[in-house]
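This briefing looks at how two protein chains meet in one model. Please keep the sequence and the structure in view while reading the points that follow.

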Amino acid sequence: MPDGLTLNKIVAQRGISIGEATRRVADLGWTPSYVQEAMTFPTDYKIKKSPRDPMKQVLRSYFPMQEEKDNRVYGALDAALRGDMFRNVEPRWVEWMKLFLAIIPFPEISAARSMAMVGRLAPGEELRTGFAMQMVDEFRHSTIQMNLKKWYMENYIDPAGFDITEAAFGRCYATTIGRQFAEGFVTGDAITSANVYLTVVAETAFTNTLFVAMPSEAARNGDYALPTVFLSVQSDESRHIGNGHSLLMSLINDPDNHQLLERDLKYAFWQNHAIVDAAVGTIVEYGTTNRDKNKESYAELWHRWIYEDYYRTYMLPLEKYGIKIHHDDVGAAWDRMVKKNYVHLTAQFFSVGWPVNFWRIEAQTEKDFEWFEHKYPGWYAEFGDYWKWYAKLSTPGEKAILFNGDVGYSYPHRCWSCMVPCLIREDFCCDEVDGQIYTYCSEICRWTHKTAFAAEYEGRPTPAMGRFSGRREWETCYDGWDVADAIKDLGFVRSDGETLMPQPHLIFDDKKMWKLEHLRGDKLGSPLQAFRKLTPEAREAAVAEYRKGFKINPIH
Amino acid sequence: MSATQEPVKSGAAGAAVFAGSDSRRYNYYDPKGRKATHYEDMTVDVQPDPKRYLLQDWIISFADGTPTYYEGWTQLKSSDWHKYRAVDQEWERTHYQRQSTIVGMLKNVIENGRRSGAPARFDKAWVKVLQDHLGAYKHAEFGLGTSTMQAQRYGYTQMINNAILTNSSYKLRFAQDLTLYLGEIALDIEGFDLDSGKTHWLEDPIWQGTRKSIETIMGATDYLEQYFATNVIFEPLIGELFRSGFVMQMAAAQNDFISPAIVSAAEGDYERNLANTVELFSMLVQDQQHGEKNRQILVNWAQTHGALAVEAANQLQPIWSQPRVKVAQFADAFDQAKNRLRAIAAEIGFDVRPIIGG
């Protein structure tokens, strides 16, 4: 064979260029003249400029690329089983996957649905191909995550909680946060939800903590499956970030959109922070057994991914287009992470509420304390006693920590906006909207409900903006219920009809596991309903008292 | 002693026996068959519903109070939307495998055909047919792709929306398949005008009925009307008529072995999309409570879209005369299309004869 002759050279033939292919594909669309396309998803934005497709990919190359990615994922799952991954996996970690994987498939498929909304709004056809690929990507993510969850259920020591996953998603107080995230992608103003909230903020900023930081921690806990699946998922995100940025550039071109963009960037950044950092921060910091002091804490990861990467290189450059960036909000979010213990307070709340979870949470130990103190100086003074109480009260027969007056924990209000409880007590606030009193975790969440999600914004009609609805305070659903009855109603009881699905420990022994009888007699209550019954003066006093916070009692 | 002092050993299934340790199936829904399929496990209940497990109801609404998902987004009603399962049982892995296999097959056919010099041997009159009419038809496929992309937002369950989503994915892929195929053979055929197809789509009277039919589907605000009009009406009366009744039958006689292979992929896609569609609409027609009302709505939709499609099909007739070697007749192909529609309608449970005769 002559030198330099390769198979590629033998079979190569002239083809159309990528640029020509994408130009031809973009030319498939046309402006209808017989019947106009239905414009069913409203927006208050104006989109005059056709967005460009930065990815220039066609489906002919997309499908084989994705199939190859899938082959690697499923091959790796098989390899993990052959390598007996579950023998060495840390149950502390996998338990949190019951929560995380109950939540995430619905936000993913909601993102697919949202492509219908932006696909029809964006003028021109170039980006429609990008939206179509994102739609199929999100279908991939949702079902590949359901598959991963099933795989855990089949192979992990305690499948309870995985087995009821989508039912649990609909009922649990913690998954409500994820529903707020997902519904935020598809409901209300189409650009606010499907472009700004989903692609410009959630996917561009927070998927890094969701799909990169979390897989790293999984690997440290002997779980090689989550990184395999989620890093593959994250590899699709660059396309989505490109779609979002391209549409954003079309919007930003019209100064008339700037007011709404500023509103939506403020709302979306704050709520993404409130939701994602609460959930992912807790899982990464409290679901791990790895206490290597050289690894980055969630706060350090946040600084790298959100502050340096997103705020400095994505948000700040928007200022040159005349958009006012809410620098203070980014600073406030950072302060909540490092000064106000946002993640630690969330972990405390999730663990206090363990009886109404559908996964296990074990106590943090001395080894964990040392790491937390190293990474978050002052942590031990604030949370050390709490976790000792938690360990002490994890044995059946003890009074559950949720109802145990010796501990000193004070059950929080729920934020009507982000759905995370109002855990940073000094920032707690309330307001009246449409004649009804609501509670909020922060001033920005109050603003989100009262000012952003309204029919008018700063004197400008916003008829397309969505509204908060439903029984948003979970505790309202079980106000006055005996906790054992509530757990039964939730379906968080194991197949014997008595043993709880959640446990405050990782002991896989019937004799050590909590049953309904251990909890019966204590009642759940709605802080909001009680708050609304107060007179204005009493309410003011209650707010002042709440802001003072509480102190966990010393444990002896 | 606190409970946490106990050591944890293996995290593997079977390492300990305790309450719930053998609960290794999703247990929150009833499988359609005796055992849950993998598709069902991947799909059922991912989109929640206040009638099932959504305790707090939808928590965001549109400005007018419409919730995130709303049964009233279609005129059709169901006693239980959650009973529906897509016949093709697609989830992401099977979808990518199938789509990837198709584009691989098409790429091979085109590459090998071009390498053998096949496009240069296509009959000259046929080249013009491909340029003008296959070039025009690709826009119809794109219209159905964007229409179903829109429709997949509205369904009341994950099963319905995912079936419509994969339908959209197939249509958009095929529109691109045709675009790239024509772009590639244009490299081998001197004077091949790639802009001609869109011009015919927008201006040629032969295609105006089809365009009107497609734009009517794209303009429908009822997502199930879009899904119905796509797969029950347009596909048999126009899509298959043109793809099978014209391109696949005529091409070989014009020295073209490539185009039928390209177009055959869409026929395979349609069989799956049709099966999913028939399953859904027959479920709705058989609904004990709403079946009769649903059937009447389908008849109304069939009348609206059927009339447009019949008119469009008749306008396409001159295309059958354009190839030099005439091996198929429009009348035969259209009869077959109408038979196909009658069979589909019968399967769903409504009578289409008042619209197309027979």
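In this predicted model, the rule finds five salt bridges across the interface of chain B and chain A. One salt bridge joins B:K198 to A:D27, and the closest N and O atoms of the two residues are 2.9 Å apart.

**Polar contacts and the elements that supply the surface**

- Across the interface of chain B and chain A, 57 residue pairs are found in polar contact, with both residues at pLDDT 80 or more.
- Several elements of chain B each supply at least two residues of the side that touches chain A, among them α1 (38–43), β1 (60–61), α2 (92–115) and α4 (124–151).
- The largest share of that side of chain B comes from α5(B), which gives 16 residues.

**Extent of the interface**

- In chain B, 104 residues are in contact with 126 residues of chain A.
- The size of an interface is often given as the accessible area lost when the parts come together.
- Between chain B and chain A the buried area is about 10,000 Å², and carbon and sulfur atoms give 60% of this area.
- Of the area that chain B buries against chain A, 8% is supplied by B:Q56, B:I59 and B:Y96, which is more than any other three residues supply.

**Strands that pair between the chains**

- Strand β5 (residues 467–468) of chain A pairs with β1(B) in the antiparallel sense, over two bridges.
- Within β1(B), B:S61 is the bridge partner of A:R467.

Key:
Residues are numbered from 1 along each chain as its sequence is written. Chains are lettered from A and ligands numbered from 1 in the order in which they are written. This is a predicted model: local features need pLDDT of at least 70, side-chain atom pairs count only at pLDDT 80 or more; totals for chains, interfaces and linings use all residues. Side-chain values use heavy atoms; hydrogens and water are left out. Contact means heavy atoms within 4.5 Å. Buried area is the accessible area (1.4 Å probe) that two parts lose on being put together, summed over both. A salt bridge is a side-chain nitrogen of Lys or Arg within 4 Å of a carboxyl oxygen of Asp or Glu. A polar contact is a pair of N or O atoms within 3.5 Å; within protein, one must be able to donate a hydrogen and the other to accept it, and residues adjacent in sequence count only if both atoms are side-chain atoms. Helices (H or I, at least four residues) and strands (E, at least two) are DSSP runs, numbered from the N terminus. Two strands pair if DSSP finds at least two bridges between them.
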